[in-house]
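Please examine the following chain before reading the dialogue.

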Amino acid sequence: MRKFPVKHLITCSLLIAALFGCFVFFTDRPVALNVEEFSSLDSEFARPSVTMGSPNRYWDNSSVAEGLATHLDGFNPQESSKGQENIKVKVKSGDTLSAIFDRSSIDREDLAAVREASPPHWKSMSLHAGRLLEYRLDESGSLEFFEYSPEDLVAYSFTRTGDSMSFESKIRKVVSNETYRWVTIKRGDSVISAGLAAGVRQEKTLWRIPKLLQWDIDFYHDIHPGDSFQILYYENFVDGVYYEDGEIIALQFQSGNRSYSLVRYEDDGVFKGYFTREGYAARKRFLRTPVEYTRISSGFSLRRLHPISKTMKPHLGIDFAAPTGTPVYAAGDGIVEKVGYNNANGNYIYLDHGDGYRTKYLHLYKTDPSVKKGEKVKQGQRIGSVGMTGLATGPHLHYEFLVHGEHQNPATIHLPEGEPLSEDEIERFQAHADELYGRMSALKLEYPVSDPKLVNR
Ligand SMILES: [Zn+2]
């Protein structure tokens, strides 16, 4: 996560927030509506067939959103038996039900009937701007049907029965279909643009890939034309119409000649995380790079001419060039061993990660005030910022990685794997992973074409 510019993070977060806002909103609503808990939807998820879809179908987000709005804005599309049409009203900011009824010239008595039928905790009728109300009047002009949908998958429905209205809350059933895509990255493509061009409908699904693989792949510097990935994920449908993407089930990323595989793992319906095929957690003990850098200005070397002292000295770390002030993150959980200043290092921080692992961060512009000797730090926690204090010719982070006191090349050292699954879980997990990857291999063989931009469907 730390590898993306803040604005991308914000965009991504907003997108996710917007898509899930309705869920959050619902859980914040009064509980006495006799509406089933949303989580129950999960257990109802039907997961039938795998769809491959057209590989180059491109949906921008606005068309998805509009399609949804058009499709989901009313739960009850049936025509009135008396031929009256349902009328839709968009809730304005600050609207109340009585204001809307007044605007729509609906009788006050009908408002009273709706209120009467409302469940106790919804008597106040707080409405949310932008949502749709739908109603229908009978021939005599009195309210026959009224529905408010506080979020896409929930509707509160009122239907006239004699002199009163009867209330019903409805939840739409979401059906999740497994979907497979095989995406090749071309020159000028990012993981995101290549994925969208290959038919993945939502960016949020693609943004998960660099997040899940951030411990293995530097998505800003290590992605090259010809790299490819396969994903197996859910597309969620409501009444047969695409609604939104669901979770990534399995992922395989080919970067150069290295291949990374991850599997989503649940145990008894409880999400346990993403794991490699061997059963190690995707989240690793160390970040490969503790800063979002622009280039490596000096690599690890046992013999190098020092740019300032002009003597041959080993360079026992990597210099990551980055603008002054760029955040520097703790590479792993640990304890602050040292924080200070000297003429050579400038502002520096040494971290002790236990088991003989230590990392060092030099030439910092500033060290963060929370970073004090003996304090704990978490992986990814900001500890300071890039500068050029001490012996430095330009702003960069000098980063060292030590194992039992010996300097290792941070770029090439085989970093420890993430936490393994427990022994009683590993067998079940591997059977699950093998089954998924077997399926992906078969799907890859059948996939219409590996280069979606070459076909026009
Ligand atoms: Zn250096």
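**Reading the predicted model**

Among contacts in the protein chain between residues at least 6 apart in sequence, 65% join residues at least 24 apart; two residues are in contact if their C-beta atoms, placed from the backbone, lie within 7 Å. This is a predicted model, in which local features need pLDDT of at least 70 and side-chain atom pairs count only at pLDDT 80 or more, while totals for chains, interfaces and linings use all residues. Residues are numbered from 1 along each chain as its sequence is written.

Q: How many helices and strands does the protein chain have?
A: Helices (H or I, at least four residues) and strands (E, at least two) are DSSP runs, numbered from the N terminus. The protein chain has eight helices and 23 strands.

Q: What share of the residues in the protein chain is buried?
A: A residue is buried if 20 or more other C-beta atoms lie within 10 Å of its own, exposed if 12 or fewer, and partly exposed in between, with C-beta atoms placed from the backbone. Of the 457 residues in the protein chain, 31% are buried.

Q: Is strand S4 (residues 143-151) largely enclosed or largely open?
A: Strand S4 is largely enclosed by the rest of the structure, because seven of its nine residues are buried.

Q: Which way do S3 and S4 run, and how many bridges join them?
A: Two strands pair if DSSP finds at least two bridges between them. S3 and S4 run antiparallel and are joined by five bridges. In this pairing, tyrosine 135 stands opposite phenylalanine 146 in S4. Their hairpin has five residues between the strands, and glycine 141 there takes a positive phi near 90°.

Q: How many bridges join S4 to strand S5 (residues 154-161)?
A: Five bridges join S4 to S5, and the two run antiparallel. Phenylalanine 146 stands opposite phenylalanine 158 in S5. The hairpin of S4 and S5 has two residues between the strands.

Q: Is alanine 129 buried or exposed?
A: Alanine 129 is exposed, because 10 other C-beta atoms lie within 10 Å. Alanine 129 is in the loop between helix H5 (108-117) and strand S3 (132-137). Not counting residues up to four places away in sequence, alanine 129 touches Val91, Lys92, Ser93 and Asp95.

Q: How many residues does the largest nonpolar core have?
A: In soluble globular proteins, nonpolar side chains tend to be buried together. A nonpolar core is a set of buried Ala, Val, Leu, Ile, Met, Phe, Trp, Tyr and Cys residues joined through C-beta atoms within 7 Å. The largest has 34 residues, and Leu262 is among those with the most contacts inside it.
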